[in-house]
Amino acid sequence: LLARQARLSSRNEVLRQQAERDALTGLPNRAAFDQRLAQAAERATAAGSSYALMFVDADRFKAVNDEHGHAAGDRVLIEIAARLQGALRDTDFVARLGGDEFAIVLEPLADAADAEVVRQKIEAAMRAPLAVPGGVQIVPQVSIGIAMHERSETGAEALLRRADQAMYRHKRARRESDLAAE
């Protein structure tokens, strides 16, 4: 009976991990992210502290898949996930939301300048080339939107929407800068 109970407990743990983890990158998935974001909001409200949300999108990801194949695209996503994790503090949380989208909860934060420092660390981490299947070197690029939690905000969805909008502004500014350089 004890052995059966141990096997059942082990299976339940595996199922829990599968339910909360992205199979490709090993990062927490959208469900785990939603839970962590809600917890951050609760902690900020209770302590009167601040946190931020980063929305991260892999630039030109579809082109990588189309030109170099899905194995290359998978390799890029795995590497972006690892580089994101490496650029964060122990208290921060990164998740893969799906496709080429990631989200990061930065907590605690003193002010918006702290979030900007993390953005710079992420951008620096992405500069190193990555070898993908087929012998091609790719430099992963990401667009990052940051939204600071506002004490007047009642829901995580508004914060996520603001971070997503900031990411699109960042992506648009980067494209315009690239076009001007050509």
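Biologist: How many positive and negative side chains does the chain have, and how far apart are the centres of the two sets?
Modeller: Lys and Arg count as positive, Asp and Glu as negative, while His and the chain ends are left out. Each charge is placed at NZ of Lys, CZ of Arg, CG of Asp or CD of Glu. The chain has 25 positive and 27 negative side chains, and their centres are separated by 4 Å.

Biologist: What kind of model is this?
Modeller: Residues are numbered from 1 along each chain as its sequence is written, and side-chain values use heavy atoms, without hydrogens or water. Local features need pLDDT of at least 70, side-chain atom pairs count only at pLDDT 80 or more, and totals for chains, interfaces and linings use all residues, for this is a predicted model.

Biologist: What share of the contacts between residues at least 6 apart joins residues at least 24 apart?
Modeller: A contact means heavy atoms within 4.5 Å. Among contacts in the chain between residues at least 6 apart in sequence, the share joining residues at least 24 apart is 63%.

Biologist: Is Asn 65 buried or exposed?
Modeller: Asn 65 lies in helix α3. Leaving out residues up to four places away in sequence, Asn 65 touches His 70 and Gly 73. Its relative accessible area is 16%. Buried means under 20%, exposed over 50% and partly exposed in between, with a 1.4 Å probe and protein chains only, so Asn 65 is buried.

Biologist: And how much of the chain is buried?
Modeller: The chain has 182 residues. Of these, the buried share is 40%.

Biologist: What relative accessible area does Arg 169 have?
Modeller: Arg 169 sits in helix α6, residues 156–181. From Met 126 it is 43 residues away in sequence and 19 Å in space, C-alpha to C-alpha. Arg 169 is partly exposed, because its relative accessible area is 47%.

Biologist: Along its principal axes, what does the C-alpha trace span?
Modeller: The span is taken over the C-alpha trace of the chain. Along the principal axes it comes to about 70 × 45 × 25 Å.

Definitions and conventions:
Helices (H or I, at least four residues) and strands (E, at least two) are DSSP runs, numbered from the N terminus.
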